[in-house]
Amino acid sequence: MFPEYRDLISQLKTSDRHFQNLFQKHNEIDQKVKNMESRIESGSPEQIEALKKEKLVLKDEIYAVLKKASATV
């Protein structure tokens with residue numbers, strides 16, 4: 001996710017608790033979706049769709065933080 005911001009992501013994961021929480025939550029949801037799609041965890045198509053939408057909202061928030069942080073660097 002966002003390879004052009006790889007260094008900034010590494011920096012923010014250690015220095016910005018809000019960013020760290022967003023990033024962690026995104027990864028947790030991503031793994032849950034993968035597990036549901038692989039039938040490792042149970043989940044209806046509606047549940048998977050809802051999780052994907054939540055993941056997109058988090059991704060948008062992460063991107064906004066990255067854009068703001070890159071503008072101040």
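User: Which side chain meets Lys-55 in a salt bridge?
Analyst: In this predicted model, Lys-55 pairs with Asp-30, with a nitrogen-to-oxygen distance of 2.7 Å. Lys-55 belongs to helix H3 (residues 45-72) and Asp-30 to helix H2, so this pair ties together parts that are 25 residues apart in sequence.

User: What network of salt bridges is Asp-30 linked in?
Analyst: The network links Asp-30 with Lys-34 and Lys-55. The side chains of Asp-30 and Lys-34 meet in a salt bridge at 3.2 Å, N to O.

User: How far apart are Lys-34 and Asp-30 along the helix?
Analyst: About one helical turn separates them, because they are four residues apart in helix H2 (residues 17-37).

User: And Asp-30 itself, is that buried or exposed?
Analyst: Asp-30 counts as buried, because its relative accessibility is 18% and the cut-off for buried is under 20%. Lys-34 counts as partly exposed, at 42% relative accessibility.

User: How many salt bridges does a search of the whole structure find?
Analyst: The search finds four. One of them joins Lys-32 to Glu-41, whose closest N and O atoms are 2.9 Å apart.

User: How accessible is Lys-32?
Analyst: Lys-32 is partly exposed, with a relative accessible area of 33%.

User: Changing topic to the fold. How many helices and strands does the chain have?
Analyst: The chain has three helices and zero strands. Read from the N terminus, the order of elements is α-α-α. Along the principal axes, the C-alpha atoms fill a box of roughly 45 × 20 × 15 Å.

User: Now the core. Which residues touch the most other members of the largest nonpolar core?
Analyst: They are Ile-9, Leu-12, Phe-19, Ile-62 and Leu-66, in a core of 18 residues. Helices H1 (6-15), H2 and H3 each supply at least two residues of this core. The greatest contribution is that of H3, with seven residues.

User: Why might nonpolar residues gather like that?
Analyst: In soluble globular proteins, nonpolar side chains tend to be buried together.

User: What does Leu-12 touch, leaving aside residues up to four places away in sequence?
Analyst: On that basis, Leu-12 touches Phe-19, Val-65, Leu-66 and Ala-69.

User: There is a histidine I am curious about, His-26. Where does it lie?
Analyst: His-26 lies in helix H2. The residue is buried, with a relative accessible area of 7%.

User: What touches His-26, again not counting residues up to four places away in sequence?
Analyst: The contacts of His-26 are Met-1, Lys-55, Leu-58, Lys-59 and Ile-62. Among them is Lys-55, the residue that forms a salt bridge with Asp-30.

User: What about the chain as a whole, how much of it counts as buried?
Analyst: Of its 73 residues, 29% count as buried. The chain exposes about 5300 Å², and carbon and sulfur atoms supply 50% of that area.

User: Last one, on charge. How many positive and negative side chains are there?
Analyst: There are 13 positive and 12 negative side chains. The centres of these two sets lie 2 Å apart.

How values were computed. Residues numbered from 1 in each chain as written. Predicted model: local features only at pLDDT ≥ 70, side-chain atom pairs only at ≥ 80, totals over all residues. Heavy atoms only, no water. Buried < 20%, exposed > 50% of the residue type's maximum accessible area, 1.4 Å probe, protein only. Areas by Shrake-Rupley, 256 points an atom, 1.4 Å probe, with all protein chains shown as cover. Lys, Arg positive; Asp, Glu negative; His and termini not counted. Charge placed at Lys NZ, Arg CZ, Asp CG, Glu CD. Core = buried A, V, L, I, M, F, W, Y, C linked by side-chain atoms within 4.5 Å. Contact = heavy atoms within 4.5 Å.
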